[in-house]
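I am opening my notebook on this protein and will write down what I looked up, entry by entry.

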Amino acid sequence: MRGMFPMAVALAAVAAFAQDVVQLAPDQVKLVFENDRVRVLHFHEPGHSKLPMHSHPDYVAVAFTTNHSKYTFPDGKTSDERTKAGGVTYSKVMTHAYENLSGAASESIMVELKKPGAGAAKTTLDPVKLDPKHYKVVINNDQVRVLRAKYGPHEKSVMHEHPASVAVFVTDGHTKFTLPDGTSQDANGKAHDAVWADAGKHLPENVGDKPTEVIVIELKK
């Protein structure tokens, strides 16, 4: 029986590590939306705040603030990390605790990936090739391709194509999307929000009077 107690403690610890950060810290982490491909979370951590040990699948994070963070892992090791506002990072599945080392609030969007990628999605109208002025590759691996899209006032793109994606708005934006059949749709994006987009073709135009910036996280099949 003596051997049972350490095992029970270890199992309890593993279970604790796997806890959902939304349930652990609902005042700091909010669910934006969830479907069969992704779960999107909004983090807002006050200065010097902490998050207890929790787990994530593979994910992409978009920082809206300049952050100084400490991560503690189950083996006791730590990592001190700094990110800039607008920075985008990709991380493999992990368990960690978090501490905001700065006196300023930290804000970010995390896109958790539910399904493993299996190579590039099949698209023919690549915005990076067709419109390199507005689209730059930030990250490209077997799970995702992440693009930074930046448009000046009243600038437009060309018809192009994305696979299923999550769009994270760095700034506010008022965009007109012209579709292949000639119809159009208006969309108003709010800074620090995120939306899901099914695979499809469109021609975007910034119809606003200010520059707009969006991070497009393309999911690979």
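**Surface and overall make-up**

I began with the surface, and I noted that the protein exposes about 11700 Å², of which carbon and sulfur atoms supply 57%; accessible areas come from the Shrake-Rupley method with a 1.4 Å probe, and for residues only the protein chains shown count as cover. I reminded myself that this is a predicted model, in which local features need pLDDT of at least 70 and side-chain atom pairs count only at pLDDT 80 or more, while totals for chains, interfaces and linings use all residues. Residues are numbered from 1 along each chain as its sequence is written, and side-chain values use heavy atoms, with hydrogens and water left out.

I then looked up the secondary structure, which comes to 3 helices and 18 strands; helices (H or I, at least four residues) and strands (E, at least two) are DSSP runs, numbered from the N terminus. Of the 221 residues, 43% count as buried, where buried means under 20% relative accessible area, exposed over 50%, and partly exposed in between (1.4 Å probe, protein chains only). Among contacts (heavy atoms within 4.5 Å) between residues at least 6 apart in sequence, 71% join residues at least 24 apart.

**Aromatic pairs**

I looked for rings of Phe, Tyr and Trp (its six-membered ring) whose centres lie within 6.5 Å, with planes under 30 degrees apart counted as stacked, over 60 as edge-to-face and the rest as tilted. The count comes to 2 aromatic pairs. Tyr71 and Tyr98 form a tilted pair, at 5.6 Å centre to centre and 55° between the planes. Tyr71 lies in strand 5 (residues 67-72) and Tyr98 in strand 8 (residues 94-100), so this pair ties together parts that are 27 residues apart in sequence. Tyr71 counts as buried at 17% relative accessibility, and Tyr98 counts as buried at 6%.

The rings of Tyr135 and Tyr151 have centres 6.0 Å apart and planes at 85°, so I recorded the pair as edge-to-face. Because Tyr135 lies in strand 10 (residues 135-140) and Tyr151 in strand 11 (residues 144-151), the pair ties together parts that are 16 residues apart in sequence.

**Strand 18**

How many of the residues of strand 18 are buried? I found 8 of the 8 (residues 212-219), so the strand is largely enclosed by the rest of the structure. Strand 11 pairs with strand 18 in the antiparallel sense over 8 bridges, where pairing requires that DSSP finds at least two bridges between two strands. Val146 stands opposite Ile217 in strand 18. Strand 13 (residues 165-169) also runs antiparallel to strand 18, joined by 5 bridges, and the bridge partner of Phe169 is Val214.
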